[in-house]
Amino acid sequence: MNLLLHMCCAPCSVYPISVIREEKIDFKGIFFNPNIHPIEEFKLRKDNVNILSEKLNFDVDYFEDFRQDEWENFKGSEEQRCNFCYAMRIDKVASYAAQKGFDAFTTTLLVSPYQKHDLIRALGDTAAKKYGVNFYYKDFRHGFRQGQQQAKDLGLYRQKFCGCIASYQEAANRVKHKNKA
Ligand code: SF4
């Protein structure tokens with residue numbers, strides 16, 4: 001199988017890559033995460049994907065899309081915002097997989113216990129049908145801690161928030177409350 005792996009960030013990619021390699025699947029990474037901001041954070045996560053690809057010796061296609069306005073101006077609930085955020089990325093990855101002749105696609109979003117796993121799975125199934133390419137679904141969550149530890153050992157940057165401005169502010173508030181307590 002020739003798999004296109006959507007990489008949301010470097011640390012979350014470590015465990016899924018170990019599984020994919022154990023299964024002897026050929027893969028290429030894709031970095032398409034216009035949700036991440038500010039721009040310094042976007043560059044940091046992209047650079048760390050590049051560092052990981054060099055350390056573990058695999059290729060990645062990078063997209064420079066940075067759309068801070070779309071998340072800043074999003075009107076709707078958290079559920080709706082995350083749906084928009086996942087759907088945009090998964091749709092792009094599935095369409096790119098079909099366009100480039102991959103057998104399947106998947107996403108490292110499936111490793112995090114902090115993400116809306118069932119929603120990501122459903123969006124993956126929808127995009128697979130839309131573009132006629134398989135969605136390689138795996139529940140990678142049991143390897144999350146192991147992957148994060150390996151990422152630390154590899155010296156990768158590990159962010160403290162999901163990516164968008166709302167998650168950035170939530171994380172900043174958590175720190176503020178902790179410091180006050
Ligand atoms: S919390 Fe994460 S998944 Fe939800 S909108 Fe923000 S960056 Fe996207």
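**Figure 1. Helix H5 (residues 117-131) in a predicted model.** Helix H5 has 15 residues, which at 1.5 Å a residue should span 21 Å, and its end C-alpha atoms are 21 Å apart, in agreement with that expectation. The expected span is 1.5 Å times one less than the number of residues in the helix. Helices (H or I, at least four residues) and strands (E, at least two) are DSSP runs, numbered from the N terminus. The structure is a predicted model, in which local features need pLDDT of at least 70 and side-chain atom pairs count only at pLDDT 80 or more, while totals for chains, interfaces and linings use all residues. Residues are numbered from 1 along each chain as its sequence is written, and side-chain values use heavy atoms, with hydrogens and water left out.

**Figure 2. The buried residues of H5 and the end of the helix.** His117, Leu119, Ile120, Leu123, Gly124, Ala127 and Ala128 are the buried residues of H5. Buried means under 20% relative accessible area, exposed over 50%, and partly exposed in between (1.4 Å probe, protein chains only). An α-helix has 3.6 residues a turn, so residues three or four places apart point the same way. The cover over the buried residues of H5 includes helix H4 (78-100), strand E4 (104-107) and strand E5 (134-135). After H5 comes Gly132, with a positive phi near 65 degrees.

**Figure 3. The aromatic pair of Phe31 and Phe42.** The whole structure holds 13 aromatic pairs. Rings of Phe, Tyr and Trp (its six-membered ring) pair if their centres lie within 6.5 Å; planes under 30 degrees apart count as stacked, over 60 as edge-to-face and the rest as tilted. Phe31 and Phe42 are edge-to-face, 5.7 Å centre to centre with 70 degrees between the planes. Phe31 belongs to strand E2 (residues 26-31) and Phe42 to helix H2 (residues 39-56), so this pair ties together parts 11 residues apart in sequence. Phe31 is buried, at 0% relative accessible area, and Phe42 is buried too, at 2%.

**Figure 4. The aromatic pair of Phe42 and Phe66.** Phe42 also forms an edge-to-face pair with Phe66, at 5.7 Å centre to centre and 65 degrees between the planes. Phe66 lies in the loop between strand E3 (60-62) and helix H3 (68-72), 24 residues from Phe42. Phe66 is partly exposed, with a relative accessible area of 28%. Ring pairs join Phe31, Phe42, Tyr62 and Phe66 in a cluster.

Technical notes:
Contact = heavy atoms within 4.5 Å.
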